[in-house]
Amino acid sequence: MNIENAQVQMRKGILEFCILHIISRGEVYASDMLEELTSARIMVVEGTLYPLLTRLKNAGLLDYKWVESTSGPPRKYYLLTETGQASLKGMNDTWQELSDSVNSIVSKTDKHKAAINGLTAVETSVPSVENKPENPNPEN
């Protein structure tokens, strides 16, 4: 298994969820989304973001409005629709369940590893009965 590919797929799987969260805070410009996603180490490029925003708009989850800019052309700001807010709530519920489930499994694995390492340390620090040297003077 290619670990880098698995990491990319995991990030892609939560990208839509993260984008909806960013937009849920209020009207947001695409470059601000890119900046936040990049700083959160969810690697995204414009070529990924813009088609996803278009798909979310076509699905009725978000809308946009044009705002005049003093330093150039008008800017497109995205905002969630009511449908987008409802979808985000459902995704939040799913994320919480999934996060709790994954954390439970990871925690059990960590405890299992700690228990094995603990037993290994005890076994190596206490000689077993089979490996004990015989007492050359049985009267002592």
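This is a predicted model: local features need pLDDT of at least 70, side-chain atom pairs count only at pLDDT 80 or more; totals for chains, interfaces and linings use all residues.

Trainee: In what order do the elements of the chain run?

Mentor: The chain has four helices and three strands. Read from the N terminus on, the order of the elements is α-β-α-α-β-β-α.

Trainee: Which element gives the most to the largest nonpolar core?

Mentor: This core has 23 residues, and those with the most contacts inside it include Ile-19, Leu-37 and Leu-53. Two or more residues come from each of helix H1 (3-24), helix H2 (30-39), helix H3 (46-58) and strand E3 (72-80). With seven residues, the element that gives the most is H1.

Trainee: Which residues does Leu-53 touch, leaving aside those up to four places away in sequence?

Mentor: Leu-53 is among the core residues with the most contacts inside the core. Contact here requires heavy atoms within 4.5 Å. Under that cut-off, the residues touched are Ile-19, Ile-23, Ala-30, Met-33, Leu-62 and Tyr-78.

Trainee: Are the rings of Tyr-29 and Tyr-77 stacked, edge-to-face or tilted?

Mentor: Planes under 30 degrees apart count as stacked and those over 60 as edge-to-face. The ring centres of Tyr-29 and Tyr-77 are 5.5 Å apart and their planes lie at 35 degrees, so the pair is tilted.

Trainee: How many residues apart are Tyr-29 and Tyr-77?

Mentor: Tyr-29 belongs to strand E1 (residues 28-29) and Tyr-77 to strand E3.

Trainee: Is Tyr-29 buried, partly exposed or exposed?

Mentor: Buried means under 20% relative accessible area, and exposed means over 50%. Tyr-29 has a relative accessibility of 22%, so it counts as partly exposed.

Trainee: Which residue has its charged end over the ring of Tyr-29?

Mentor: A charged end sits over this ring, 4.3 Å from its centre. The residue that supplies it is Arg-75.

Trainee: Over the face of which residue does Lys-76 lie?

Mentor: Lys-76 is at 4.2 Å from the ring centre in question. That ring is also part of one aromatic cluster, formed by Tyr-64, Trp-66 and Tyr-78.

Technical notes: Residues are numbered from 1 along each chain as its sequence is written. Side-chain values use heavy atoms; hydrogens and water are left out. A nonpolar core is a set of buried Ala, Val, Leu, Ile, Met, Phe, Trp, Tyr and Cys residues joined through side-chain atoms within 4.5 Å. Buried means under 20% relative accessible area, exposed over 50%, partly exposed in between (1.4 Å probe, protein chains only). Rings of Phe, Tyr and Trp (its six-membered ring) pair if their centres lie within 6.5 Å; planes under 30 degrees apart count as stacked, over 60 as edge-to-face and the rest as tilted. A charge sits over a ring if NZ of Lys or CZ of Arg is within 6 Å of the ring centre and within 35 degrees of the ring normal.
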